[in-house]
Amino acid sequence: MFVAANMDDLLLALKNKAPQILIKDEFKNEVISLTEHSLSEKETFGFKLGSAGTSNFLAELFYQITNKFSNKPNEAKTIESKLRKYKLKKNSKEEIILSLQQLDY
């Protein structure tokens, strides 16, 4: 399990597609703020099922277009884009674990 204590560690783990990333202490709040805009699997399940997969394509297209014209720094864009492939699990009050979604299937 990869332990990330700052943005540089997190970016390295995301680029290497680490299966699990442990985030601790104060850095946990920053990561949660980056992932709070994405919907959980439970929240999107019915929509994905009803659209026969086209919703994933359209959602990704919309995300990439808005990301392209965003004023955020490139590092933040890269991290947010790669975080979309991970699930957030709360391990304790001080820790969260990001796990690669493709390993769940």
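Leaving aside its neighbours within four places in sequence, with which residues is Ile23 in contact? Ile23 is in contact with Ala4, Leu10, Lys28, Val31, Glu94, Glu95, Ile96 and Leu98, where contact means heavy atoms within 4.5 Å.

## Basis of the model

This is a predicted model, in which local features need pLDDT of at least 70 and side-chain atom pairs count only at pLDDT 80 or more, while totals for chains, interfaces and linings use all residues. Residues are numbered from 1 along each chain as its sequence is written, and side-chain values use heavy atoms, with hydrogens and water left out.

## Overall architecture

The protein has 5 helices and 4 strands, and along the sequence these follow the pattern β-α-β-α-α-α-α-β-β. Helices (H or I, at least four residues) and strands (E, at least two) are DSSP runs, numbered from the N terminus. Among contacts between residues at least 6 apart in sequence, 49% join residues at least 24 apart.

Of the 105 residues, 27% count as buried. Buried means under 20% relative accessible area, exposed means over 50%, and partly exposed lies in between (1.4 Å probe, protein chains only). The protein exposes about 7,500 Å², of which carbon and sulfur atoms supply 56%; accessible areas come from the Shrake-Rupley method with a 1.4 Å probe, and for residues only the protein chains shown count as cover.

In soluble globular proteins, nonpolar side chains tend to be buried together. Here the largest nonpolar core has 16 residues, and those with the most contacts inside it are Leu10, Leu14, Ile21, Ile23, Val31 and Leu98. The elements that give two or more residues to this core are α1 (7–15), β2 (20–24), α2 (25–35), α5 (74–83) and β4 (95–100). The largest share, 4 residues, comes from α1. A nonpolar core is a set of buried Ala, Val, Leu, Ile, Met, Phe, Trp, Tyr and Cys residues joined through side-chain atoms within 4.5 Å.

## Helix α5

The buried residues of α5 are Lys77, Ile79, Glu80 and Leu83. Seen down the helix axis, they fall within an arc of 165 degrees, so they line one face of α5; the arc is that of the directions from the helix axis to the C-beta atoms. Glu80 counts as buried because its relative accessibility is 16%. Beyond neighbours within four places in sequence, Glu80 is in contact with Leu34, Tyr63 and Lys72.

Glu75 is also found in α5, but counts as partly exposed at 38% relative accessibility. Not counting residues up to four places away in sequence, Glu75 touches Met7, Asp8 and Leu11. Glu75 and Asp8 are 67 residues apart in sequence and 9.3 Å apart in space, C-alpha to C-alpha.

## A nonpolar surface patch

Phe57, Leu58, Leu61, Ile65 and Phe69 form a nonpolar patch on the surface, with about 570 Å² of accessible area together. Ile65 belongs to helix α4 (residues 54–68) and is partly exposed, with a relative accessible area of 44%.

## Positive phi values

Most residues other than glycine have a negative phi. Lys17, in the loop between α1 and β2, has a positive phi near 50 degrees and counts as exposed at 52% relative accessibility. Asp25, in helix α2, has a positive phi near 55 degrees and counts as partly exposed at 45% relative accessibility.

Note on methods
Patch = residues over 30% accessible without salt bridge, like charges linked within 9 Å, V, L, I, M, F, W, Y side chains within 5 Å. Salt bridge = Lys/Arg side-chain N within 4 Å of Asp/Glu carboxyl O.
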